[in-house]
Amino acid sequence: MKKVLIIDDEVDLCLMIRQFLSRRNYEVHIAHTLTDGINYLKIITPDVLILDNNLPDGMGWDAARSLHEKYPEMKITLISAYKLARDLSGGMDHIKVLEKPVSLLEIEQHL
């Protein structure tokens, strides 16, 4: 069973993604701040990280780059409402970028 960690401050979105992925046999964990998410990474090692770009305590894009260095095997999908976020990913194939609003099927394709 693949483990997924979602770090996003939108509670309803997190719950919707968790429900969708749980039905597809993913083990899903949720954190609503970057700090909590990074602490979670010390406890579990997810196969996939779904990370919001704009969090109350930091920018997901900056965190994604450093987390990839620390956890190179973990897939990272950054979710952003900013159209420019996709442009920021140039040359960084290990970080996938999805624009909000994002569909559940689109998220699943990046797992």
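**Close-up views of a predicted protein chain**

**View 1. Strands E6 and E7 pair side by side.** Strand E6 (residues 75-80) and E7 are joined in the parallel sense over five bridges. Two strands count as paired if DSSP finds at least two bridges between them. Strands (E, at least two residues) and helices (H or I, at least four) are DSSP runs, numbered from the N terminus. Ser80 stands opposite Glu99 in E7. This is a predicted model: local features need pLDDT of at least 70, side-chain atom pairs count only at pLDDT 80 or more, and totals for chains, interfaces and linings use all residues. Residues are numbered from 1 along each chain as its sequence is written, and side-chain values use heavy atoms, with hydrogens and water left out.

**View 2. Five strands form an open sheet.** The order is E2-E1-E3-E6-E7, and the pairing is parallel. E2 and strand E7 (95-99) stand at the edges, each with a single partner strand, so one side of each has no neighbour in the sheet. On average, neighbouring strands of this sheet are turned by 20° against each other, direction ignored. Axes are lines fitted to C-alpha atoms, for helices over the stretch in contact; angles run from 0 to 180 degrees between N-to-C directions.

**View 3. Helix H2 has buried and exposed residues.** In H2 (residues 34-43), Leu34, Gly37 and Leu41 are buried. Seen down the axis of H2, its buried residues fall within an arc of 60°, so they line one face of the helix. That arc is taken from the directions from the helix axis to the C-beta atoms. On the other side of H2, Lys42 and Ile43 are exposed. Buried means under 20% relative accessible area, exposed over 50%, and partly exposed in between (1.4 Å probe, protein chains only). The buried residues of H2 pack against strands E1 (3-7), E2 (27-31), E3 (48-52), E4 (54-55) and E5 (58-59), and against helix H3 (60-70). Contact means heavy atoms within 4.5 Å.

**View 4. The protein chain has five helices and seven strands.** Along the sequence, they follow the pattern β-α-β-α-β-β-β-α-β-α-β-α. Along its principal axes, the C-alpha trace spans about 35 × 30 × 25 Å. Buried residues make up 45% of the 111 residues in the protein chain. Among contacts between residues at least 6 apart in sequence, 60% join residues at least 24 apart.
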